Structure formats: structure tokens, C-alpha cells
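Morning, everyone. Please look at the model on the screen while I talk about its aromatic rings.

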Amino acid sequence: MSTHTDRPGSVAAHPPSAHPRTEDYADLFGQAPVIFAALGGPTHVLEAANSAFFEAFGGDRRRTGAPIGEVIPELVPQGVLDRLDTVYYTGIVHRARGERLVLGEPGAERAEFFDVTYEPRRDAFGQVDGVVVLAVETTAFRRTQLLAAEQRALLEQIARQAPLEEILDGMARAIEELSPGTIATVLLVDPDGRHLRHGAAPSMPAFYNEAVDGLAIGEATGSCGTAAHRRAPVVVTDIAGDPLWKDYRELAQRAGVAACWSTPIEGPDGRLLGTFAMYHRTPRAPEDTDVAISAAFTRIAALAIERHRAVEAGRAAQEREREAREDLAFVLEASTAIASEAHYADSLKRMARLIVPTLAQLCVVHVLERGSVRRVAVACAPGAEEEVLAAPDLRDRIDIAVARVLDSGGTEAERVLARPGSLAARLGVTGYACVPLATRGRTFGVLTLLATDRPLNDHTIALAEELASRAAISADNAHQFSDRVQLARDLQAGLLPPQLPRIAGATLAASYHPAGEGLDVGGDFYDVFPLPDGRWALMIGDVCGRGALAAATTGMVRHTARAAALLRGGPAAVVGAINHALTDGTTDEECFVSLVYGELRRIASHLALDLIRAGHVPPLVRRADGTVEQLARPGLLLGIAPEIDGSLLSVDLYPGDGLVLVTDGITEARSVTGELFGEDRLADVIATPRSASPDAAALIDSLTGAVADFAGGSALDDQAALVLTVT
């Protein structure tokens, strides 16, 4: 119905009924760069247009006489016809700046920008009978503006340390917005440097992203793998026939992509960071705008990835530092706690309790003693089962590993693949590690960790080794301490009578409490032994000092007293013999002794006691009626002068009476405020004992209980007491 010409710069012919004003526009804009089109009637029939219109909107679709929606159908969904309707029916001019229109057939779309004026055309009667469209293409300017805006937005995201996934995803969407029909993707180099990992691909099917996640870097591994390998852009205009895609054509076909241009992303130092790719659904080569977009966004991607790696490296360093601080704090706190245990077995048990559940769910400690291996400690986390240690298949393996570690002194670790249905399998045991406990070049034990939730890693085993090394020293020290304490106790026991004798008409009781942990042999002693003619000797004393000299002096005093009592007559002779032994000059060391020595004999209905006090705590006599007498005759310490005061102090003891002898460790015991227990408090305690008719044992219980309550259980000096009651 209408005709048009292909002559460049011409205006297509218009129907005879065209409005005269259209002819004026046609004459004015026929060869101008301004885009012109005249549309008639309510269906907006394209009556005339210049070459600039067809080049911008129509391409090779140069025809008139048909509605514009048929000539350029892609304008319909973009609202152009709606704007034409508005101008046609209202008669009001509509102007739009930077109007974005996606033009071209599917697979060959392009985004263009225009400053457009939609102007109503009127007939001779002033009625609107069409619309004249005048436009200027501003694509290059607007695309530059949008590209700059998108770059700025991405740089702001990078500056505020937005997640890398968010930045790359936003970049891909921006590219797809700037270049319609494009599918943008980013792959990141794996830490191993040999593979590419999924980074961003918001418009690519999920199955495709999963398939290329882990893509090997190398020749003929698609556009991206090859670009990463070559460190150069790779342009594949037709995937179906390109050898680089021979192994991935079917995948690309399923994803609906036919062309792919990939560019390597490199850091400032030339290090490969990933690849940036632009896909198209139809075969095509990149245009200048595509190259510009690729270059701009590749730089942005490199900056984002570098910043992300720097931030992640900083976080990783902070995390390593935090973990190192926590590890050090754990080891130090655990070591301190283990070292605070004074006894060998307690220190190993404390170690096991501290390891669970921080390092493992179960922990067991074995030690080698007297040629045999025995288990000394077990600890289990809540939910773990100690019975797993009894599982035959696991127990045997651990026993063998423990034996090897004791022999080699090296750590052994092993993953456990428990037999289906076994106890170890039901409890979820995943592995164990046997760590040596060694000190002074000798492996004396093994710390075994068992995991039931996750396998033991190198970090956990290293921590266990560090703790075991420190704990071994503490345990060895505790072992030596325990041996020393036991030796001191054995020596001390040898300086005291193994048991008190039975005396007709009397009861005896004694107590001995060493100072502190009892590491050194004390100088406090007591003794009761028989004499001829039915008599009995009893004594209590305190050698100045502690240790080997005090032990030797105590032994000498006791043996001298026993020998002299049999050979000489009376307390004065015995005490004189002891003093002579202390002052005869046979030793270089001066040693002083406080002593109460007495001899007991029966007279009719009571007991008679003759005694000598040499610088010792005064003896106390508790009468049957509860009154207390102090036998305070003075006397010098033994070992000071060659002569002694041999004056006897005699006392009669009747049924119900009691004799109380103590060392100064009791009278000089101190409370937490520093107050002395004292002789007066001692007298009060035995005057009102805990039982109504106290025998020797009851008086001892009252005395030792009162001192312990007063001093809070601590003793700065040895405490000894000897009590005799008459029955």
C-alpha cells in the first residue's frame, strides 16, 4: 500500500493522505542525523521516516504503511505504544531524556539510549490525527555514564568490605543490564592454583555452575580454563565448532549458550585470580562496547578479589592469633593446675580431667611401674562412654600402641574404622592418639586421647604433646615429692614406738602430726618402755631443727634413754646420760633437746610418778574432778651445759586422773589471725573434754580436735602428744 526507497539519506514515501505537516518534517529531517518518524491514526501507522530512524530502530526493516508495533515489535513490551497512545489521545507533547530501548531480534539484542520528543500532529481542523517522533541517540554518552555509575557503586561496595559474592554478583547483573543478551560469570582460582571455582553467575543455570565448579586450568578446557592457562583473553564466537569446547559442548548446549569470551583476572603482581566471561545465546563476536565493558569490569573484579583476599588473610591471621592465645592460655592454665597437685597420681588424674572435653571426648593415662603397665586415670566427656575402653577390638589396639610408645618415646595416632556392630562403632569412635609422658630421658607413661565426634587433627595432637610434656615434669616432681614424703614418714615412724604398750591400771594414747607436707623428719618424739620391778619409763621431747640431724639426734636420745634407764638408777641419771651424749663434743653440730622424762610405779591403790622437766612444755595433770594442775618445775634444755638440774618432781596419780604431755607445736599453734593456742587454752580443753569420763584416747581426741579447729588444719611445727590415764 505504501512504498519506500533504499536510497541513503532519503525519507520513505508516505501515503497520499499524509498530513502536509508530515511532508514538512520529511523535508526538514530527511538527511539530518536527528531521528524522525511520522505515525498516523490511533494504530500509529508508520507513514514516513528518515534513514536515521531505520538505522537506529529498524535496521534492515525498512517499510512503511504498517503500525509501528508491527514494524518494530520489540517496542511494544517496553511501553512505547503506551506513550504514543497518551500523546495521541491527550494532545500533550511528551519528552523523555535518556530513554533506554532494547532493540534487535532475540539473540542479537542491543540497548540504545535516546532523547525523544513525542509530538501530536493535528489536521486542518486542529484534531490530532497522528504523532511525530523526533529523537537523538545518546547511547555512547549514557552508556559511559551508566558504566561509571556501576563502577562507582562496585567500588563503594569494595570499600565497605561487602562480601565478595555480593560484589561479583552485582557486577554480573550490571554487565547484563548494560549489555542485554549477555550472561556474565566469574570463576575464582582455587587455593591449589590448578582449578577454577564458582564465583558469580546469577543468570546461568545452576547445573552449569555446579559442573564448572572445580574446572581444571589447561588447554582446551573451555574458554575460561584456557584463558586462565594462557593468561590471555580467549574469544570463542561459536561454541558448537570450536575445539576448545570439545569436552563441554553438550553442557553449553543444555545451558543454551553458543558463544563465550573469557578474560583472565590478574592481580597487580601478575598473580592469576580468576576469569571473567561473557556468554551469548547465539554465535557472535564481541563489539567494541563489549571489549570496553570486559576491560573495565575485569579491573573491578581484580580489585574486589584482591581486597577480599587481603581481608580474609587478615581475618585468618587474627583467628590464628586468637587460637594461639587460647592454646597458650589452655596449656598454661592446665599446666599450672597439674603442677598444683602435690601427689603423683593426683597430677595425672587432673591432667585427664582437663583434657576432656577440650581436646578429646575420652582420655586415659597409663604408667609403667615396676615393669608392668597400669591404668591410673580415666576421664570422659558428658555423653561419652568409658565402656568403650573395654571394647576388645579397640582395647587391644590401644594396649599395643601404648606399649610401642613406651618403648619408642614417640607419638602414635590412628584413625579407627570400627567393625560394623561393634561397641566402638556404636559409640562412634573415630580415632585415637597415644602421646608419651617422658622426663629425664625416660618415658614413664602414655596419655591416650580418644575421639568420638570428630577425628583428632594435627593441631589437637600438638596441643596434647605440649601439655603432656609439661605434665610429665609436674608428675615426675610429684612422684619425687611423694617418695620423699613417704621416706620421711617411714623414717619418722622408725623414731616413734610402733605401738604403745599396755600398762596395768592405766590407759595410754598418743598422736603425732608432722608440719606441712611432712617432707622432712621432725624432731618431736615420745616413748614408753618397761623397766625392772614393774616400773615404766615415759618421755616426750623435741629436738631443735628438722631433717637428718634431727632424726639422728632423736634416735640417739631414745636409745640413750632406754640403755641408761636399764643401767643407771632413776630419772636424773637417765637425763644426765642424754645430756652427756649431747655435749661430749663428738659432733661438730650443736643440738639442743627439750625433754620430759619420768618413771612410773604402782603404790597400793595409785600410781606414783617421778619426773624431770628439761626446758619442755610443762606437763599437765587432769584430776578426776576436772581440775588441772601444771607441773611447772623449771629446767634447762639439754645439750647446753655439761651439768643438769637433777631435781625430781613427784606426783601421785589416782583413778580418774590423767597425765598430758605435749610438744610446743601444740601450744604454739596459731589461728588465722596469728593468735597462739597457748598453755591456758590447752588446760581448758583437757578440763572439759568431749566425753564425760575421758580415758587417754578421749583426751587425745579432744586435744587434737581443738588444735585443728583453732589452727584451721594447718601446722607450722610438728605436734606430738602423749596421754596416760589411771583406771
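A search of the whole structure finds nine aromatic pairs. Rings of Phe, Tyr and Trp (its six-membered ring) pair if their centres lie within 6.5 Å; planes under 30 degrees apart count as stacked, over 60 as edge-to-face and the rest as tilted. This is a predicted model: local features need pLDDT of at least 70, side-chain atom pairs need 80 or more, and totals for chains, interfaces and linings use all residues. Residues are numbered from 1 along each chain as its sequence is written, and side-chain values use heavy atoms, without hydrogens or water.

Take F57 and F114. They are stacked, 4.8 Å centre to centre, with 20 degrees between the planes. F57 lies in helix α2 (residues 51-58) and F114 in strand β4 (residues 110-122), so the pair ties together parts 57 residues apart in sequence. Helices (H or I, at least four residues) and strands (E, at least two) are DSSP runs, numbered from the N terminus. Buried means under 20% relative accessible area, exposed over 50%, partly exposed in between (1.4 Å probe, protein chains only). F53, F54, F57 and F114 form one aromatic cluster.

Next, F677 and F710. Their ring centres are 5.4 Å apart and their planes at 75 degrees, so this pair is edge-to-face. F677 sits in the loop between α17 (664-667) and α18 (678-687), F710 in helix α19 (residues 696-711), 33 residues apart. Both F677 and F710 are buried.

Now zoom out. The protein chain has 19 helices and 26 strands. Of its 727 residues, 50% are buried.
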